[in-house]
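Biologist: I would like to learn how to read the features of a model one by one. Where do we begin?

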Amino acid sequence: MIELNDVHKSFGKVEVLKGITASVAKSEVVCIIGPSGSGKSTILRCINGLESYDRGEISVEGARVDSNDRSIVAIRTQVSMVFQRFNLFPHRTALENVIEGPLYVKKEPREQAVARGRALLAQVGLADKAEVHPPKLSGGQQQRVAIARALAMQPKAILFDEPTSALDPELVGEVLSVMRKLADDGMTMVVVTHEMGFARDVADRVLFIDGGVIVEQGAAKSVLNQPQHPRTQDFLRRVLHPL
Amino acid sequence: MQKFFHDAVEFVPILLQGVWLTIVVTVGSLLLSTVLGLVWALMRVSGIRVLAWLSAALINVIRGIPIIVLLFYIYFVMPDFGIALTALQAAIIGLGIAYSAYQAENFRAGIEAIDKGQIEAAQTIGMGWWLTMRRVVLPQAIRIILPPYGNIMIMMLKDSSQASTITVAELALQGKLIASSTFKNTSVFTLVALMYLTMSIPLILLVRHFENKANRK
């Protein structure tokens with residue numbers, strides 16, 4: 001449902017994506033791994049038009065992604081995003097964060113949006129935090145609210161941009177388990193992550209990206225357990241055995 | 001001292017008429033400057049180059065002209081172009097335009113202080129530019145904007161006295177008229193100063209309230 005064909009992207013003179021071709025099928029979970037600065041996040045940001053790309057084509061269910069066109073709004077309601085730093089709206093409660101999109105973008109009736117918002121907060125284990133403002137929540141709780149906010153748009157896919165990188169280690173698990181449940185329910189997910197355990201257990205496929213190109217890709221277990229390319233081997237060794 | 005109180009009893013009712021006009025000029029120009037300032041600021045952050053440039057140019061032109069000259073221009077020059085305004089209208093419009101530049105810079109600073117991640121989050125749930133401003137950016141920016149906004153209110157209250165130069169009989173002009181006809185300069189101008197101070201104090205307290213509120217967050 002998401003197709004990338006020879007996508008190039010430069011920031012000034014630095015080319016961060018040098019011809020990315022990949023596709024994500026419905027209900028598939030794809031993890032993107034690689035060193036920092038390799039262009040992983042940029043791929044996600046191009047898919048839902050937070051960044052424009054210079055060459056090639058990205059499409060979501062056949063519709064071309066163009067960040068400067070009005071059609072981008074429709075694509076964004078189908079492909080939600082969860083950020084490393086949560087980016088919850090601090091002036092609104094957890095529930096208000098979740099129902100903001102349904103209420104003001106999709107113009108759903110309030111009762112319906114609130115009912116589904118509460119159900120989604122329950123789904124991520126935060127039914128009792130509906131009326132709490134984000135600054136009073138832990139990082140893990142905030143990220144789960146952010147996931148509920150993404151789900152509230154009833155998207156066809158969710159993009160996760162290092163969703164656990166800003167969390168204290170003991171809070172990572174609660175977020176990953178919510179994501180795992182989503183994957184089990186058949187949500188299409190693209191996850192930029194450094195959590196190799198999650199990638200191995202949950203992802204269908206893994207893309208290893210370095211220097212703006214896909215160096216290696218394949219079934220999660222084969223890429224992570226028997227990497228073929230020396231750069232993948234080197235990267236995984238450093239991530240899994242930092243000492 | 002007794003003489004002062006005697007004078008006060010005599011002059012305060014006349015000065016209060018001036019106070020009323022001072023309030024009308026201040027509130028009128030405050031509203032106008034707020035609306036215009038918000039328009040300039042939104043043009044500036046719109047991401048549309050022509051609008052941003054136009055707004056920047058406008059702000060610089062407005063800032064570069066003394067308020068008194070702006071008032072003269074609107075009151076004495078505009079009639080040559082067929083736009084004749086009453087002194088009160090000219091004062092409100094002149095001060096409103098003059099202060100819109102400062103309002104705009106304050107609004108822009110508040111808007112630009114909002115984390116870019118907030119805007120991206122709004123975009124990813126499908127919000128357009130205006131909805132993002134209205135629901136996400138402005139409600140957060142207002143906390144940052146309010147303390148300086150209160151200070152601008154105080155400055156506008158005091159600068160409303162410049163309307164006297166185009167014959168608006170607000171507090172300062174009313175005082176001057178009484179003083180020049182009675183020669184009781186000390187009593188009259190002391191009363192005028194006290195009246196401005198009395199009007200400023202609630203605003204000063206309001207600014208302090210805004211600052212406390214902004215700091216608490």
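**Rings, sheets and buried serines**

Modeller: Begin with B:Phe5, which counts as partly exposed because its relative accessibility is 48%. Keep in mind that this is a predicted model.

Biologist: Why is B:Phe5 not called exposed?

Modeller: Exposed requires over 50% relative accessible area, and buried requires under 20%. B:Phe5 has 48%, so the residue is partly exposed.

Biologist: How many aromatic pairs are there over all chains?

Modeller: The search of the whole structure gives seven. One of them joins B:Phe4 and B:Phe5. Their ring centres are 5.9 Å apart.

Biologist: Is the pair of B:Phe4 and B:Phe5 stacked or edge-to-face?

Modeller: Look at the angle between planes. Over 60 degrees counts as edge-to-face, and under 30 degrees as stacked. B:Phe4 and B:Phe5 have planes at 65°, and the pair is edge-to-face. For B:Phe107 and B:Tyr149 the planes are at 20°, so that pair is stacked. The centres of these two rings are 6.4 Å apart.

Biologist: Which parts does the pair of B:Phe107 and B:Tyr149 tie together?

Modeller: B:Phe107 belongs to helix H4 (residues 87–112) of chain B, and B:Tyr149 to helix H6 (residues 129–159) of chain B. The pair therefore links parts 42 residues apart in sequence. B:Phe107 and B:Tyr149 are both buried.

Biologist: Which rings form a cluster?

Modeller: B:Phe72, B:Tyr75 and B:Phe76 are linked into one by ring pairs.

Biologist: What sits over the ring of A:Tyr104?

Modeller: The charged end of B:Arg135, 3.7 Å from the ring centre. In chain A, A:Arg149 lies over the face of A:Phe89, at 4.7 Å from the ring centre.

Biologist: Now the sheets. In what order do the strands of the open sheet in chain A run?

Modeller: Six strands form that sheet, in the order S6-S7-S8-S3-S9-S10, with mixed pairing. Then look for the edges. Strand S6 (79–82) and strand S10 (213–219) of chain A each have a single partner strand, so one side of each lacks a neighbour in the sheet. On average, neighbouring strands are turned by 15° against each other, direction ignored.

Biologist: Which helices pack on this sheet?

Modeller: Helix H2 (residues 71–78) of chain A packs on the sheet and touches S6 and strand S7 (157–161) of chain A. The direction of H2 makes about 65° with that of S6(A). Helix H6 (residues 169–184) of chain A also packs on the sheet, touching S3, S7 and strand S8 (188–192) of chain A. The direction of H6 makes about 145° with that of S8(A).

Biologist: Are the faces of S6(A) covered or open?

Modeller: First the general idea. In a regular strand, side chains alternate between the two faces of the sheet. In S6(A), A:Val79 and A:Met81 are on one side, and A:Ser80 and A:Val82 on the other. These four are all buried, and both faces are covered.

Biologist: Do S6(A) and S7(A) run parallel or antiparallel?

Modeller: Parallel, joined by four bridges. A:Val79 stands opposite A:Ala157 in S7(A). Strand S3 (residues 29–33) and strand S9 (residues 205–210) of chain A also run parallel, with four bridges. There A:Val30 has A:Arg205 in S9(A) as its bridge partner.

Biologist: Which strands of chain A run antiparallel?

Modeller: Strand S1 (residues 2–11) and strand S2 (residues 14–24) of chain A do, joined by eight bridges. A:Ile2 stands opposite A:Val24 in S2(A). The hairpin has two residues between the strands, and A:Gly12 takes a positive phi near 65°.

Biologist: Last, the serines. Where is B:Ser33 found?

Modeller: In helix H1 (residues 2–44) of chain B. B:Ser33 has a relative accessible area of 0%, so this serine is buried. The side chain of B:Ser33 makes a polar contact with that of B:Gln103 (3.1 Å). B:Ser33 also touches other residues, including B:Tyr99 and B:Met156.

Biologist: Where does B:Ser46 lie?

Modeller: In the loop between H1 and helix H2 (49–63) of chain B. B:Ser46 counts as buried, because its relative accessibility is 18%. A polar atom of the B:Ser46 side chain lies 2.7 Å from the backbone oxygen of B:Met43. Among the residues touched by B:Ser46 are B:Leu51 and B:Trp129.

Key: Residues numbered from 1 in each chain as written. Chains lettered and ligands numbered in written order. Predicted model: local features only at pLDDT ≥ 70, side-chain atom pairs only at ≥ 80, totals over all residues. Heavy atoms only, no water. Buried < 20%, exposed > 50% of the residue type's maximum accessible area, 1.4 Å probe, protein only. Polar contact = N/O pair within 3.5 Å; in protein donor to acceptor, adjacent residues only side chain to side chain. Contact = heavy atoms within 4.5 Å. Phe/Tyr/Trp six-rings, centres within 6.5 Å; stacked < 30°, edge-to-face > 60°. Lys NZ or Arg CZ within 6 Å of the ring centre and 35° of its normal. Pairing = 2+ DSSP bridges. Axes fitted to C-alpha atoms, helices over the stretch in contact; angles between N-to-C directions. Lists of a residue's contacts leave out its neighbours within four places in sequence.
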